[in-house]
Structure formats: C-alpha cells, structure tokens
Amino acid sequence: MFELSVTGWSHDKDLQIIQADVQMAVGDSVIIEEPLCVDVGLPALLYSALSDTEPNRFAPPDQWEQMPFFVCGCGDPECRGFSFVVHHLPEEQIQLISVEERTNGTYRELETHNIPADHYRKEVLEIGETYLAFIKGLDYKPYFADTVKVVEGLIHQLHQQRRSE
C-alpha cells in the first residue's frame, strides 16, 4: 500500500520555504524518509494525481509541473531531490517511477510501483490541504509566487475528480 506522511511542518523565514519530515513508502519499500522542502514540488505532486508527469528539476519555477516532488530542505534547487515519473494506467492505477535526474535532461529509473489511483489521490490531497492550513497567517512569499494559487486550483480539481469516481 502507498503511504505518504508529511509531519513536523516548519516555515524557514529566511529561505521562504516550508519544510517537513517526509516519509513515502510503497509496501515494504521506503522511498523517502528524511526532512525535506515540501512546498517547491507540491504543485507537481498534486498535478501528478491528475495527469502524467515527467520531472525536470532544472526547469524554471513557472514550469512547476516538472519540479521534483521533494527537495533538500535548504531550498537550493541544486541539492538532493526526489523526482518521479507518473503514468496514469488503465483500471485506475497510477505508476510511480522513482528516477535520478541528470543535468542533460535524461533520467535513470530506480523503482517502479503501481498504486490504486483513488488511494494515491487521497494521500496527495491530504498533503495539499495540510499545506494550505499550515500557511494561513504566515508571512510567506515562495520562490514561485503563484504557489498558493496553483495549489488551491489543483486541490479544487482533485476534489472534483474524487466526487466523479
């Protein structure tokens, strides 16, 4: 079963990033278990629940669909990132492929997992909603200025998707 847990949320006022302890596991395979920046890639993570994605961690901020889902908590885009290719398969399955990106735009596939789409959407949606609740009242100016607006729009789309299932 797919589990995505994001706990211990904090706001780094100097870097203007949101950090948290991230754990992602599929079955017995732990894919991520460390403190990371969660807001840079959150739009891409939410988008992956609706559409196929392919990462490019070197893309400019306005190409948010291509960001790694999670990056090192220091906020430096050159630091460690967790990138995924996502394919929406028939019979309501999502294929999650953990990849290692290269500077030339290619990547090496590490692990592949098929996950029930409804479960994936539920887990991702919860993270997005927690983010919106966490940032209320913060003096928060993310690197990609439209982060909050994009997250709100994607959450709305995910709610519509889940109602139609």
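This is a predicted model: local features need pLDDT of at least 70, side-chain atom pairs count only at pLDDT 80 or more; totals for chains, interfaces and linings use all residues.
1. Strands β1 and β2. Strand β1 covers residues 2-12 and strand β2 residues 17-26. The two run antiparallel and are joined by nine bridges. Together they form a hairpin with four residues between the strands. At the turn, aspartate 12 stands opposite isoleucine 17 of β2, and glutamine 16 has a positive phi of about 55°.

2. Strands β2 and β3. On to strand β3 (residues 29-37), β2 is joined by eight bridges, and this pair too is antiparallel. One of the facing pairs is alanine 20 with leucine 36 in β3. This hairpin has two residues between the strands, and glycine 27 takes a positive phi near 60°.

3. Cover of β2. Strand β2 is mostly covered, with seven of its ten residues buried.

4. Length of helix α3. The helix takes in 18 residues, 147-164. At 1.5 Å a residue it should span 26 Å, and its end C-alpha atoms are 26 Å apart, which agrees.

5. Buried here are Thr147, Val150, Val151, Leu154, Ile155 and Leu158. They cover an arc of only 135° around the axis, so they sit on the same side of α3. An α-helix has 3.6 residues a turn, so residues three or four places apart point the same way. What covers the buried residues of α3 includes α1 and α2. The face turned away from the buried side carries the exposed residues Lys149, Arg163 and Ser164.

6. Phenylalanine 2 and tyrosine 120. The structure holds five aromatic pairs. One of them joins phenylalanine 2 and tyrosine 120, 5.2 Å centre to centre with 40° between the planes, and is tilted. Because phenylalanine 2 lies in β1 and tyrosine 120 in helix α2 (residues 117-135), the pair ties together parts that are 118 residues apart in sequence. Both phenylalanine 2 and tyrosine 120 are buried.

7. Phenylalanine 69 and phenylalanine 84. The ring centres are 5.3 Å apart and the planes are at 25°, so this pair is stacked; the cut-off for stacking is under 30 degrees. Phenylalanine 69 lies in the loop between α1 (42-48) and β4 (70-72) and phenylalanine 84 in strand β5 (residues 81-89), so the contact ties together parts 15 residues apart in sequence. Phenylalanine 69 is buried, with a relative accessible area of 2%, and phenylalanine 84 is buried with a value of 2%.

8. A charge over a ring. Arginine 57 lies over the face of phenylalanine 58, at 6.0 Å from the ring centre.

Technical notes
Residues are numbered from 1 along each chain as its sequence is written. Side-chain values use heavy atoms; hydrogens and water are left out. Rings of Phe, Tyr and Trp (its six-membered ring) pair if their centres lie within 6.5 Å; planes under 30 degrees apart count as stacked, over 60 as edge-to-face and the rest as tilted. Buried means under 20% relative accessible area, exposed over 50%, partly exposed in between (1.4 Å probe, protein chains only). A charge sits over a ring if NZ of Lys or CZ of Arg is within 6 Å of the ring centre and within 35 degrees of the ring normal. The expected span of a helix is 1.5 Å times one less than its number of residues. The arc is that of the directions from the helix axis to the C-beta atoms. Contact means heavy atoms within 4.5 Å. Two strands pair if DSSP finds at least two bridges between them.
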